[in-house]
Amino acid sequence: MPAPPASPVASAPVVAPTSVARVTPVTPETPVAPPVAVAPTPLEPPMVVAPPPVAVLAHADQPDWVAVAQSALGFADAALTYLPTPDEIVHRAPSAPEPPPGRAPRGDARSMRSDSQFSLIYRSGSSVVTRRGKLGEHGVWSVVEYPGSAQAAHAYAVECSRLIEQGFHDVP
């Protein structure tokens, strides 16, 4: 990532002296004036410059661009599965024809298969969402809300262990 552009910093202007002091040689007969205390000139406080605004890198509303690029290049198998929030889930007839979910994105999400069934499980905030059914069918969605995200993470881990015991394995 390139460094951000330098911010301009104001500095005090340099002022050249307008007159030149004349130096006279000192001889024993020349009277010497006592030294005069000169008060230091007050310095201007440094100008405070606000930092540049922080650029927003990504929004949650944007699609997964890696999955879009892989799909566009003909790698549909490698495309990541879209994980809807509990409010976005569409319930249809469980036996309606639909392809099984592909690979799950990283994080608390797993897409698993057995010989004739699929299971998609993921955590969305403090909810655990599952979709399970026969290969080639829509399957059944299930959403379980927990009091907090820690309880949901624990329930997610327990459910993944249970699915592995039933013979499911991760989609490569």
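Trainee: Which residues does Val-128 touch, leaving out those up to four places away in sequence?

Mentor: Val-128 touches Ile-121, Tyr-122, Ser-142, Val-143, Val-144, Tyr-146, Ala-152, Ala-155 and Tyr-156. Contact means heavy atoms within 4.5 Å. This is a predicted model, in which local features need pLDDT of at least 70 and side-chain atom pairs count only at pLDDT 80 or more, while totals for chains, interfaces and linings use all residues. Residues are numbered from 1 along each chain as its sequence is written, and side-chain values use heavy atoms, with hydrogens and water left out.

Trainee: What makes a set of residues a nonpolar core, and which residues form the largest one?

Mentor: A nonpolar core is a set of buried Ala, Val, Leu, Ile, Met, Phe, Trp, Tyr and Cys residues joined through side-chain atoms within 4.5 Å. Buried means under 20% relative accessible area, exposed means over 50%, and partly exposed lies in between, with a 1.4 Å probe and protein chains only. The largest nonpolar core has nine residues: Met-112, Ile-121, Val-128, Ala-152, Ala-155, Tyr-156, Cys-160, Leu-163 and Phe-168. Helix H2 (residues 149-165) supplies the largest share of this core, five residues. Apart from it lies another core, of seven residues, including Ile-89, Ala-109, Leu-120 and Val-129.

Trainee: How are helices and strands identified, and how many does the protein chain have?

Mentor: Both are DSSP runs numbered from the N terminus: helices are H or I runs of at least four residues, and strands are E runs of at least two. The protein chain has two helices and five strands, and along the sequence they follow the pattern α-β-β-β-β-α-β.

Trainee: Why are strands E3 and E4 said to pair?

Mentor: Two strands pair if DSSP finds at least two bridges between them. Among the partners, Val-128 is bridged to Val-144 in E4, and Ser-127 to Glu-145 in E4. The hairpin of E3 and E4 has five residues between the strands, and Gly-136 there takes a positive phi near 90°.

Trainee: What are the pairings of E2 with E3 and with E1?

Mentor: E2 and E3 pair in the antiparallel sense over eight bridges, and Arg-123 stands opposite Val-128 in E3. Their hairpin has two residues between the strands, with Gly-125 at a positive phi near 70°. Strand E1 (residues 109-113) and strand E2 (residues 117-124) pair in the antiparallel sense over five bridges; in E2, Phe-118 is the bridge partner of Arg-113.

Trainee: Which strands of the sheet are called edge strands?

Mentor: The five strands form an open antiparallel sheet in the order E4-E3-E2-E1-E5. E4 and strand E5 (169-170) are the edge strands, because each pairs on one side only. H2 lies across E1, E2 and E3 and runs at about 165° to E2; the angle is taken between N-to-C directions, from 0 to 180 degrees, with axes fitted to C-alpha atoms, for helices over the stretch in contact.

Trainee: Why is E3 described as largely enclosed by the rest of the structure?

Mentor: Six of the eight residues of E3 are buried, and therefore the description applies.

Trainee: Is Glu-145 buried or exposed?

Mentor: Glu-145, in strand E4, has 54% relative accessibility and therefore counts as exposed. Leaving aside neighbours within four places in sequence, Glu-145 is in contact with Ser-126 and Ser-127.

Trainee: What makes the contacts of the Glu-145 side chain polar?

Mentor: A polar contact is a pair of N or O atoms within 3.5 Å; within protein, one must be able to donate a hydrogen and the other to accept it, and residues adjacent in sequence count only if both atoms are side-chain atoms. The Glu-145 side chain makes such contacts with the side chain of Ser-126 at 2.6 Å and with the side chain of Ser-127 at 2.4 Å.

Trainee: Is Ser-114 buried or exposed?

Mentor: Ser-114, in the loop between E1 and E2, has a relative accessible area of 17% and is therefore buried.
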